[in-house]
Amino acid sequence: MTDMFVSLGTWNWLIFGFILMALETMAPGVFLFWLGLAALLVGLISFAVLLSWQIQLVMFAVFAAAAVPVWRRLARPKVDESASPFLNKRTEALLGREFTLEKPIIDGSGTVRIGDTVWRVAGPDTPAGTRVKVVQVDGANLTVAAA
């Protein structure tokens with residue numbers, strides 16, 4: 001077994017790297033690609049520097065292990081918060097806006113129509129048809145004040 005490792009050379013690493021990358025095309029999952037890249041790096045470094053087989057195996061392990069966080073960083077989708085700052089925060093988009101009460105606020109509860117949705121609002125008693133401003137949001141509950 002050690003004879004096999006002792007014979008590890010530059011070409012062996014390059015061939016091994018290309019084989020792993022070729023296998024990635026047959027069984028995609030972006031796992032073998034990084035192992036293949038690690039093998040290619042060891043092969044390229046072995047061209048420049050004469051290394052023992054133990055160091056070559058350690059380098060391969062280090063490059064393969066380092067590839068995981070690199071891949072996670074590269075694969076993470078870039079979310080542009082400025083393009084849609086209220087995505088999944090619908091109520092926060094309502095903060096500070098003014099609406100007309102659909103039903104009066106009686107005993108601290110009423111409704112307002114926003115688009116095609118009727119929202120429950122809380123605030124001081126106010127007659128229907130009055131303009132109110134959303135001053136606080138808590139989940140799906142809107143707190144309003146006279147505008």
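Let me start with a definition: buried means under 20% relative accessible area, exposed means over 50%, and partly exposed is in between, with a 1.4 Å probe and protein chains only. Take M26. M26 has 65% relative accessibility, so M26 counts as exposed. M26 sits in helix α2. Helices here are DSSP runs of H or I with at least four residues, strands are runs of E with at least two, and both are numbered from the N terminus.

Now, what are we looking at? This is a predicted model, in which local features need pLDDT of at least 70, side-chain atom pairs count only at pLDDT 80 or more, and totals for chains, interfaces and linings use all residues. Residues are numbered from 1 along each chain as its sequence is written, and side-chain values use heavy atoms, with hydrogens and water left out.

First topic: the nonpolar patch. Which residues make the nonpolar surface patch? They are W11, I15, I19, L23, M26, L41, L44 and F47, and the patch covers about 860 Å². Two elements give two or more residues to this patch: α2 (10-26) and α3 (32-48). Helix α2 supplies the largest share, five residues. A word on the rules. Patch residues have over 30% relative accessible area and no salt bridge; nonpolar side chains (Val, Leu, Ile, Met, Phe, Trp, Tyr) are joined within 5 Å, and like charges within 9 Å. The areas come from the Shrake-Rupley method with a 1.4 Å probe, and for residues only the protein chains shown count as cover.

Next, the aromatics. There are six aromatic pairs in the structure. Let me take W11 and F47. How are the rings of W11 and F47 arranged? Their centres are 5.4 Å apart and their planes stand at 90 degrees, so this pair is edge-to-face. Here is the rule: rings of Phe, Tyr and Trp (its six-membered ring) pair if their centres lie within 6.5 Å, with planes under 30 degrees apart counted as stacked, over 60 as edge-to-face and the rest as tilted. W11 belongs to helix α2 and F47 to helix α3, so the pair ties together parts that are 36 residues apart in sequence. W11 is exposed, at a relative accessible area of 58%. F47 is partly exposed, at 48%.

Another pair is F33 with W34. These rings are also edge-to-face, 5.1 Å centre to centre, with 85 degrees between the planes. Is W34 buried or exposed? W34 is buried, with a relative accessible area of 13%. F33 is partly exposed, at 32%. There is a cluster too: W13, F16 and F60 form one aromatic cluster.

On to the annotated domain. UniProt, in an unreviewed entry, places "domain: NfeD-like C-terminal" at residues 92-144. UniProt positions are given in the numbering used here, feature names are shortened, and annotations may be inferred rather than shown by experiment. In the model, this span is 6% helix and 62% strand. The end C-alpha atoms of residues 92-144 lie 13 Å apart.

Let me pick out T111. T111 is placed in strand β2 (residues 109-114). T111 has 14% relative accessibility, so T111 counts as buried. What does T111 touch? Not counting residues up to four places away in sequence, T111 touches L101, E102, K103, V118, W119, R120 and V121. Contact means heavy atoms within 4.5 Å.

Now E98. E98 lies in strand β1 (residues 98-106). E98 is partly exposed, at 39% relative accessible area. Leaving aside neighbours within four places in sequence, E98 is in contact with R131, V132, K133 and A147. E98 and V134 are 36 residues apart in sequence, and 6.4 Å apart in space, C-alpha to C-alpha.

Last topic: salt bridges. How many salt bridges does the structure hold? Two. The definition is a side-chain nitrogen of Lys or Arg within 4 Å of a carboxyl oxygen of Asp or Glu. One joins R131 to E98, with the closest N and O atoms 4.0 Å apart. This pair links distant parts of the chain: R131 is in strand β4 (residues 131-138), E98 is in strand β1, and they are 33 residues apart. R131 is partly exposed, at 42%.

R113 and E102 also meet in a salt bridge, at 2.9 Å, N to O. R113 is in strand β2 and E102 in strand β1, so the pair ties together parts that are eleven residues apart in sequence. R113 is partly exposed, at 42%. E102 is partly exposed as well, at 34%.
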